[in-house]
Every structure is written in C-alpha cells, then in structure tokens.
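Me: I have a protein model to read. Can you take me through it in short steps?

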Amino acid sequence: MKKTADLGLGHEEHPLLGRRVRDVASGTEGELMAVVHEEVDTHSGPCWTRRAYIRPEAGGRELSTAVGNIEPFGSS
C-alpha cells in the first residue's frame with residue numbers, strides 16, 4: 001500500500017478530498033469529506049482498514065465506504 005501523509009487522528013490526504021465523488025457500492029453521490037485509517041471489528045477480530053466518508057448531496061449523515069469504492073463523479 002502506498003504511504004500517504006497523516007493529517008492527524010488517522011486522517012489521510014487523498015486527491016479527491018473536497019471533490020464530488022460516487023460510491024460504486026451504494027451509488028451514493030456527494031463530497032468526499034475524509035479518508036481515515038481506522039480499526040474495525042470483524043468476525044475474526046479487529047483489523048485496520050482505510051475508509052472514505054462521503055457527505056450525500058441531499059445532506060444528512062455521512063456514508064462510510066472502502067476507499068477502493070470511490071470514484072470521481074461522472075467518471076463512469
């Protein structure tokens with residue numbers, strides 16, 4: 001995995017931060033607010049993952065998804 005700059009509290013730089021993106025898993029479109037390296041619980045125990053947080057265009061709660069699921073809006 002490519003090393004990224006740590007912005008504190010597990011937040012990382014990402015070229016799409018602040019831009020309009022689409023989550024390919026759910027189809028949600030919105031602004032990429034953060035990319036975070038965080039520990040999550042799984043059935044086999046805790047593991048570290050990179051999560052992207054997207055604020056939907058209509059507002060409301062931010063959606064989290066795997067970083068690999070995001071793409072710039074309009075790229076499909």
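Reply: Contact means heavy atoms within 4.5 Å. This is a predicted model, where local features need pLDDT of at least 70, side-chain atom pairs count only at pLDDT 80 or more, and totals for chains, interfaces and linings use all residues. Residues are numbered from 1 along each chain as its sequence is written, and side-chain values use heavy atoms, with hydrogens and water left out.

Me: Which residues does L16 touch, not counting residues up to four places away in sequence?

Reply: L16 lies in the loop between β2 (11-12) and β3 (20-23). Strands are DSSP runs (E, at least two residues), numbered from the N terminus. The C-alpha atoms of L16 and P72 are separated by 7.2 Å, though 56 residues apart along the chain. Leaving out residues up to four places away, L16 touches V21, L32, I70, E71 and P72.

Me: Is L16 buried or exposed?

Reply: Buried means under 20% relative accessible area, exposed over 50%, partly exposed in between (1.4 Å probe, protein chains only). L16 has a relative accessible area of 9%, so L16 is buried.

Me: Which residue stands opposite I54 in β6?

Reply: Two strands pair if DSSP finds at least two bridges between them. β5 (residues 45-56) and β6 (residues 63-66) have four bridges, in the antiparallel sense. Opposite I54 stands L63.

Me: Which element has the highest mean pLDDT?

Reply: pLDDT is the predictor's confidence in each residue, from 0 to 100. The chain averages 86. Strand β1 (residues 6-8) has the lowest mean, 52. Where pLDDT is low, the predicted coordinates should not be read in detail. The highest mean, 97, belongs to strand β7 (residues 70-72).
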